[in-house]
Number of protein chains: 2
Amino acid sequence: MGIVYTSAANVAERRSAPPSLAISTVIFALRPSEKSGRPTLWIPLVRRIREPYKDLWALPGGPLTHSESLQDAASRNLQETTGLAPSYLEQLYAFGGLHRSPSQRVVSIVYWALVQPTEAALADESENVRWFRADRVGDLAFDHNAIVDYALWRLRNKLAYGSIAYHFLGEYFTLAQVREVYEAVLDRQLDPANFRRQITSTPEIEETGEYLQGGKHRPPRLYRFTGRPGLDPDNRSTP
Amino acid sequence: MGIVYTSAANVAERRSAPPSLAISTVIFALRPSEKSGRPTLWIPLVRRIREPYKDLWALPGGPLTHSESLQDAASRNLQETTGLAPSYLEQLYAFGGLHRSPSQRVVSIVYWALVQPTEAALADESENVRWFRADRVGDLAFDHNAIVDYALWRLRNKLAYGSIAYHFLGEYFTLAQVREVYEAVLDRQLDPANFRRQITSTPEIEETGEYLQGGKHRPPRLYRFTGRPGLDPDNRSTP
DNA sequence: TTAGTTCTGGTCAATGTGACTTTAACTAAT
DNA sequence: ATTAGTTAAAGTCACATTGACCAGAACTAA
């Protein structure tokens, strides 16, 4: 079966089997820590049921269906493993090292996603799907440890510069909740007063008239995020 | 031939032919403008000699050889089209829309590169390889206009935040040359005195004892860049 | 010798940030 | 009902960074 590949440059056709193409996704959610109760970063992993790396944990993923875009494929395997829809989804990197899989050459296009904690609480969990703290995933299959590390690095970067934290939260939120997101992801305490000043100075944050009632102390204002996701090629020019 | 890759999720195997995989590269170099003589951004394109998009200009690229990593493939087709070795090479994005190519499903993993102008001056040019000003490439094949736009956006971003400008220059350079790089890429004038203050305050810039002689005016100091490329997965943990 | 240009170091006002203080608003305990 | 305890929210101050601008140094060309 002659491969028809033509791409861009003018290149001789090839006969050897091409590397296979897979999509994987690093899914982040905030869940309350077991002890402190404060939110911490978690990711779901799936247990491999065949070789190679049988019985090790790995990122959710699968082959690219012929009729779906890369982003759709990532969205689908997120749905299949956790039952959730992402509130944020972005391409992370294409990993194509020669020896990623011992059996065969595989190129993985990896996405990363954020899901809301309200949903994440009711996410599927089973014998073969389990949530792990992002900083304690143990030894994973393939090069998935490096991938998780890189995804974490990107998440922290985007959080520090871009306006991404709100995708961890619902439509309405208090500034303290936003701060908790930052503290969980960056893993350090932030001064409440200074943090408030910074966040409220960005135009994408809108102060609603509402207050969050029912707390133990002074009721905080509720805010709303009015910005757009990002400017990746997949999301560009969304009006 | 049963596909062995099972990644993470436990997914039914597929039989239909997988999308084919291509590598393309957006190559940036600074060359003196025809009229002003000031440096401007240029990129080399190759003419397509078959359908689809026959006779249109496109990004250099080609299939992924079985024995090379993604980065090596990008490096190779850079060498093949321009005869040059990149001083900087980074993955840009994986483009996998369903209708990128009318004939067949193609997923392109695109890299972007910087080459030094001294070399870029003697780069190959021919009937089917020509350099274009980055902001005037005309209508390209496939989705390559969107790709070039995105690459430009990333270049400007990295320049504004990261320390990437020096890969456009040789080992020794004057601060005015660095400023010219910034002005060419960002397309606006910068105050020489303030620019100097910023650049010299970064620890990656080292002042050599040398001066550039032979100019028309006061001879400027020569500097050296001592930083490392970046922290992509491909380049990580390079000591 | 002078005019023209770039290189280099400097000032000043405006802005942003981290550390900290103070007051407001609520709940829970006494 | 009063008080203690806690969080929300606003403000103050010292410090660093930035953009706009100025001036002297160092060279070439007329």
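Where is Pro52(B) found in chain B? Pro52(B) sits in the loop between strand 2 (39-47) and strand 3 (57-58) of chain B, where helices (H or I, at least four residues) and strands (E, at least two) are DSSP runs numbered from the N terminus.

Before going on, let me say what we are looking at. This is a predicted model, in which local features need pLDDT of at least 70 and side-chain atom pairs count only at pLDDT 80 or more, while totals for chains, interfaces and linings use all residues. Residues are numbered from 1 along each chain as its sequence is written, and chains are lettered from A and ligands numbered from 1 in the order in which they are written.

Chain A shows a cis bond too, from Glu51(A) to Pro52(A), with omega near -5 degrees, and Pro52(A) is found in the loop between strand 2 (39-47) and strand 3 of chain A. Asp55(A) lies in the loop between strand 2 and strand 3 of chain A as well, and its phi is near 75 degrees, a positive value in a residue other than glycine.

A word on confidence, for which I use pLDDT, the predictor's confidence in each residue, from 0 to 100. Chain A has a mean pLDDT of 89, and 91% of its residues reach 70 or more. Within chain A, confidence is highest in strand 3 (residues 57-58), at 98, and lowest in helix 2 (residues 117-121), at a mean of 72. Over residues 1-15 of chain A pLDDT stays under 50, and for that stretch the model has 37 contacts beyond four places in sequence, a contact being two residues whose C-beta atoms, placed from the backbone, lie within 7 Å. Where pLDDT is low, the predicted coordinates should not be read in detail.

By class, the surface near DNA strand C has seven nonpolar, five polar and six charged residues, where Ala, Val, Leu, Ile, Met, Phe, Trp, Tyr, Cys and Pro count as nonpolar, Asp, Glu, Lys and Arg as charged, and the others, Gly among them, as polar.

DNA strand D is surrounded by 17 residues, and the closest are Ala176(A), Ala193(A), His217(A), Arg221(A) and Arg218(B). Here the elements that give two or more residues are helix 4 (175-186) and helix 5 of chain A, together with helix 5 of chain B, and the largest share, three residues, comes from helix 5 of chain B. The classes near DNA strand D are seven nonpolar, five polar and five charged.

In chain B, the axes of helix 4 and helix 5 come within 10 Å and cross at roughly 100 degrees, the axes being lines fitted to C-alpha atoms, for helices over the stretch in contact, with angles that run from 0 to 180 degrees between N-to-C directions. That makes helix 4 of chain B roughly perpendicular to helix 5 of chain B, given that angles under 35 degrees count as roughly parallel, over 145 as roughly antiparallel, 65 to 115 as roughly perpendicular and the rest as oblique. Leu175(B), Val178(B) and Arg179(B) of helix 4 make this contact with Pro192(B), Phe195(B), Arg196(B) and Ile199(B) of helix 5. In chain A, the axes of helix 4 and helix 5 come within 10 Å and cross at roughly 105 degrees, so helix 4 of chain A is roughly perpendicular to helix 5 of chain A.

Finally, the sheet in chain B. It is an open sheet of three strands in the order 8-10-9, with antiparallel pairing, and two strands pair if DSSP finds at least two bridges between them. Strand 8 (172-173) and strand 9 (205-211) of chain B stand at the edges, each with a single partner strand, so one side of each is left without a neighbour in the sheet. Two bridges join strand 8 of chain B to strand 10 (residues 221-225) of chain B, and Phe173(B) has Tyr223(B) as its bridge partner in strand 10.

How values were computed. A residue is near a molecule or strand if its C-beta atom, placed from the backbone, lies within 6 Å of it.
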